[in-house]
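Please report on how the side chains of this protein pack together. Which parts of the chain form its nonpolar cores?

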Amino acid sequence: MNPEIDHYLSEGCGRCPLGGTPDCKVHLWPKELVLLRKILLDCGLTEELKWSMPCYTYKKKNILMLSAFKSYCALSFFKGALLQDTAGLLEKPGENTQSARLIKFTNTDSIRELESELKAYIFEAIEIEKAGLKVEAKEKEGLVLVDEFAEALAQDAAFKAAFEALTPGRQRGYNLYFSAPKQAKTRIARIEKYKSKILTGLGFHD
């Protein structure tokens with residue numbers, strides 16, 4: 001068990017003003033997060049803190065993340081689109097998401113009932129990573145990302161997943177704003193300034 005994850009479970013990710021306060025989203029699902037964490041560790045995954053959130057890896061390859069939201073907590077599979085989803089548990093984080101898939105939870109009873117299915121999904125995700133399988137990306141029609149923004153998304157999986165979960169209109173709004181400056185340093189500064197809003201699911205004007 002990684003002590004950094006203990007800190008996350010007590011204080012949150014720290015990426016929004018609620019971190020370290022009683023209003024942090026991790027405090028909405030304390031029992032659920034602890035139970036999911038145990039299941040993940042039972043499957044032999046390595047527990048790490050990446051992008052300020054619990055990330056579970058197999059031989060340094062990202063398999064899934066554990067996260068807390070206002071309405072639910074979730075397991076997020078990086079290559080969930082490749083899972084067979086025999087129990088029909090997976091959901092897209094957003095309509096334009098290509099690779100990641102979520103399983104949402106709102107109580108410990110459902111987690112316990114689904115424990116065997118969850119472990120099956122986790123072991124399947126490990127086998128997918130062992131085999132080196134990849135999700136074939138499809139071009140988003142009408143949205144050509146400015147280079148600096150595309151690079152920022154490629155370097156941060158959580159940032160990329162959050163952007164892909166936004167509505168097409170919000171995606172276009174951000175990309176238009178980021179691509180407007182003529183100088184690269186100004187484009188980069190804009191991206192960094194609004195990164196926290198994207199990570200929390202907010203649009204440019206929200």
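## Basis

This is a predicted model, in which local features need pLDDT of at least 70, side-chain atom pairs count only at pLDDT 80 or more, and totals for chains, interfaces and linings use all residues. Residues are numbered from 1 along each chain as its sequence is written, and side-chain values use heavy atoms, with hydrogens and water left out.

## Nonpolar cores

A nonpolar core is a set of buried Ala, Val, Leu, Ile, Met, Phe, Trp, Tyr and Cys residues joined through side-chain atoms within 4.5 Å; buried means under 20% relative accessible area (1.4 Å probe, protein chains only). The largest one has 33 residues, and Leu 75, Phe 77 and Leu 118 have the most contacts inside it. Two or more residues each come from helix 1 (3-11), helix 2 (30-42), strand 3 (61-68), strand 4 (73-77), strand 5 (101-105) and helix 4 (115-130). Helices (H or I, at least four residues) and strands (E, at least two) are DSSP runs, numbered from the N terminus. Helix 4 gives the most, six residues.

Beyond its neighbours within four places in sequence, Leu 118 is in contact with Leu 36, Ile 39, Leu 75, Leu 89, Ile 103, Phe 105 and Ile 111, contact meaning heavy atoms within 4.5 Å. A second, separate core has 14 residues, including Phe 149, Phe 163, Leu 166 and Ile 198.

## Helices 5 and 6

Phe 149, Ala 152 and Leu 153 in helix 5 meet Ala 157, Phe 159, Lys 160 and Phe 163 in helix 6.

## Ser 76

Ser 76 lies in strand 4 and is buried, at 17% relative accessible area.

Technical notes. Buried means under 20% relative accessible area, exposed over 50%, partly exposed in between (1.4 Å probe, protein chains only).
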